[in-house]
Every structure is written in structure tokens, then in C-alpha cells.
Amino acid sequence: MTKTIKIYIAGHRGMVGSAIWRALEAKGYNKLVGKTSKELDLRNKEAVEAFFDQEKPDVVIDAAARVGGILANNNYPYQFLMENMQIQNNLIDSSLSTDVQKFIFLGSSCIYPKLAPQPLKEEYLLTGPLEPTNEWYAIAKITGVKACEAIRKQFGKDYISLMPTNLYGTHDNFDLNTSHVLPAMMRKFHEAKENGNTAVELWGSGTPKREFLFVEDLADAVVYSLENKFQDNLYNVGTGTDLTIKELAELIQKTVGHTGEIKWDSSKPDGTPRKLMDVSKMEQAGWKAKVGLEEGITRTYEWFLENQETFKQVKL
Ligand SMILES: NC(=O)c1ccc[n+]([C@@H]2O[C@H](COP(=O)([O-])OP(=O)(O)OC[C@H]3O[C@@H](n4cnc5c(N)ncnc54)[C@H](OP(=O)(O)O)[C@@H]3O)[C@@H](O)[C@H]2O)c1
């Protein structure tokens, strides 16, 4: 892959998109294109078509999406379904019609059935009902995976889908109304520490098991999949190891230095009991995660401390 190919990173200011941008820049790719949602609303088909006609990218990486935690998914099902489909449909269709050679679609592990066997293999897609709290988002993502697969099958183009597990890291969303579990915990522990080590209340029972991947590891996987041609359409990206939410809370508490009590509010939903990716397909393709959870949480907390004033707010 020559370093002068034009790569459009949709969602380049987000946690994932910005990590991909930095990773590509670090590898010497020097024709990177990005537009903010204000400059180019990806829900707008005509605007997206005009942008592709003008820019003619060689490669498109789709890291643009409306994302959020259980609360946001529950409150805004229509936006999570429709906006995500609009964004990815416009990107995929414009890529096909302007002859983009490589398209990397980023989905999420929530595409797999709620009670699928663990660890989750790519072949479990569409074998059972989804987790109801985020099914809207998951259905949108499944249509994206299938669109890329259809293009691959019908036109023979190198369009692939990467399904990252739960991500965390620098540039994460720390807004408690819309954030995922790890950054939400980090902020709660930090604020409780600042307030004299008051008790921290966390959602659920603490027993579900989850897997977490450092966002820079995902960016590395995206660069790897750009530079290598994969045999298939769908690949999980994760670490292949998980821990309970309680263990995660204790690790973050230790990193932050909070010494107060942790209270579990078991009236709040837990979500899927366990979510661990089978990452053997990606490993066979030659890629493996490198950053351990303790190191990743420490690096994330350092970033949090440096950037507390500038946390973005997701508007709904
Ligand atoms: N975060 C995770 O734990 C996680 C886990 C698995 C998969 N993923 C996947 O990774 C991808 C990116 O997630 P993220 O965590 O980086 O999200 P994020 O930080 O919220 O970033 C999302 C990006 O999408 C852009 N965007 C949203 N709506 C748009 C619109 N209508 N028009 C143009 N751009 C729009 C935003 O642009 P502006 O900033 O310009 O508004 C933003 O840069 C998603 O596909 C998600 O499913 C994330």
C-alpha cells in the first residue's frame, strides 16, 4: 500500500477515528481526509455524494456513528437505528459508485446474539435475538456488515467489517449521560476522590463479564487490515480475555487512587451476562492486541487528567 493513497476517515474527530488518524500519520500516510459533522453531515445523501465526487478517496474508513451507552440507546432508539443506517449507507453506496477500492466498516460486538455461546465467533451473527437495550444500534450495524459483504460478493471489492469489543482510551467520552462503562467509572471514581473519597455508586450487580480493548490497539488493527488483504468479510477485534465489572471497578479505583466505598445499584440493568470475543480469526490473519488493561487504564487516566476541561458533550 503506497503512502500517497488518499484515505478518508469518516468520524476523524471521534475516539476511534482520531486514533486511526494518528496511527496512519505515524506510519507516513500523508493524504488523509477528514470532515467534521458540521462540515459534512453524513446523514445527507446528496452532500455525501458531492463530497465523494470531489475528493475521490482511494480508501474509506468508517468510524462515524452515533454511539452511546445503555441509557442513550434506551432513550433514543430511533436515532440509534436510523442515523447509523443513514451514515453508513451513504458512505458505502458513495464508495461503491466512485470506485473506492478498500472500505473498512467498524461495527461492534453488540451485533452478536445476547445468549450466543462464548467466546463470540463471527459465525454466530444472526443466530439468535439481540440484547434488547441496544438492539437498534446493533441492527443498524448488522446492515452495514451485510452491505459490505454483498459488495464483496457481487463486485469482488475489498470491503471488510471489523467488530471491535468494548473500547476505551484517550479521547473517550466522559459525559456521564452518554458514556460507556469504563470512562463513566473513571470519572465517578475521580470525582469521588476529589470530594474526599465519598462512596461511588455503580450500575448493576458487578457480575457481568466484559472485554476491553485499548483504542490505539484498534487503530493498529485498522492499519493492519488496510495494509493486508483479508480472505473474508467479518473479523472480531479484541484481546480475547475478559474480567467482571466488579474487577474492572477495583482496577480503576486503584489507578485513580480512590479509597472510599463502592455501592452496587442492582435495580439497574446489567445487560448481557458475558461478552468475550473469539479473536482467533484475526490472529490467524496476523494481528494481535498489544496493550494490557492495566497499562491502558493508566494511560487513559493520564489523558483524563490532562483534558478534564475539554470533554465533549454528545448532543441528542
Ligand atoms: N467506543 C466504543 O467502545 C466502540 C466499541 C466498538 C465499536 N465502536 C465503533 O467505532 C466507531 C466510532 O466510535 P467512537 O467511539 O469513536 O465514537 P465517537 O467518539 O462518538 O465519534 C463518532 C464520530 O462520528 C461522527 N459523526 C456522528 N454523526 C455524524 C454525522 N451525522 N455526520 C458526520 N459525522 C458524524 C462524529 O463527528 P463530529 O465529531 O465531527 O461530530 C464523531 O467524530 C463506531 O462505528 C462504533 O460503533 C466503538
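Predicted model: local features only at pLDDT ≥ 70, side-chain atom pairs only at ≥ 80, totals over all residues.
A residue is called exposed when its relative accessible area is over 50%, buried when that area is under 20%, and partly exposed in between. By that criterion Leu126, at 56% relative accessibility, counts as exposed.

**The chain as a whole**

The chain contains 10 helices and 13 strands. Its radius of gyration is 19 Å, close to the 20 Å that the globule rule gives for 316 residues, so the chain is as compact as a globular protein of that length. Taken along the principal axes, the C-alpha atoms fill a box of roughly 55 × 40 × 35 Å. Buried residues account for 52% of the 316 residues, and the accessible surface comes to about 14,200 Å², with 49% of it belonging to carbon and sulfur atoms. Among contacts between residues at least 6 apart in sequence, 81% join residues at least 24 apart. The chain carries 38 positive and 42 negative side chains, and the centres of these two sets lie 2 Å apart.

**The sheet of six strands**

Six strands form an open sheet with parallel pairing, in the order β2-β1-β3-β4-β5-β10. The edges of this sheet are β2 and β10, each of which pairs on one side only. Strand β1, residues 7-10, is joined to β2, residues 32-33, by 2 bridges, and the two strands run parallel; within this pairing, the bridge partner of Ile7 is Leu32. Ile7 and Ile9 point one way from β1 while Tyr8 and Ala10 point the other way, and all of these residues are buried. Elsewhere in the sheet, β4 (residues 102-106) pairs with β5 (residues 158-164) in the parallel sense over 5 bridges, and there Phe103 has Tyr159 as its bridge partner in β5.

Asn233 lies in the loop between α7 (215-227) and β10 (234-237), and it is buried because its relative accessibility is 4%, below the 20% limit.

**The sheet of three strands**

An open sheet of 3 strands has the order β11-β8-β13 and mixed pairing. Strands β11 (243-244) and β13 (274-275) stand at its edges with a single partner strand each, so one side of each is left without a neighbour in the sheet. Strand β8, residues 209-210, runs parallel to β13 and is joined to it by 2 bridges, with Arg274 as the bridge partner of Lys209.

Leu248 counts as buried because its relative accessibility is 0%. Leaving aside residues up to four places away in sequence, Leu248 touches Leu182, Met185, Phe212, Leu243, Leu293 and Ile297.

Glu227 is found in helix α7 and is partly exposed, with a relative accessible area of 27%. Its C-alpha lies 9.2 Å from that of Thr2, at a sequence separation of 225 residues. With residues up to four places away in sequence not counted, Glu227 touches Lys3, Lys27 and Tyr29.

**Backbone features in loops**

The peptide bond from Gln118 to Pro119 is cis, with omega near -5°, and Pro119 is placed in the loop between β4 and α5 (135-155). Leu126 belongs to the loop between β4 and α5 as well. A further loop, between β6 (166-168) and α6 (181-194), holds His171. The table sets out the phi values of Leu126 and His171, which are positive although neither residue is glycine, together with their accessibilities.

| Residue | Phi | Relative accessibility |
|---|---|---|
| Leu126 | near 60° | 56%, exposed |
| His171 | near 65° | 30%, partly exposed |

Methods: Residues numbered from 1 in each chain as written. Heavy atoms only, no water. Helix = DSSP H or I, 4+ residues; strand = E, 2+ residues; numbered from the N terminus. Rg over C-alpha atoms; globule rule 2.2 N^0.38 Å. Buried < 20%, exposed > 50% of the residue type's maximum accessible area, 1.4 Å probe, protein only. Contact = heavy atoms within 4.5 Å. Areas by Shrake-Rupley, 256 points an atom, 1.4 Å probe, with all protein chains shown as cover. Lys, Arg positive; Asp, Glu negative; His and termini not counted. Charge placed at Lys NZ, Arg CZ, Asp CG, Glu CD. Pairing = 2+ DSSP bridges.
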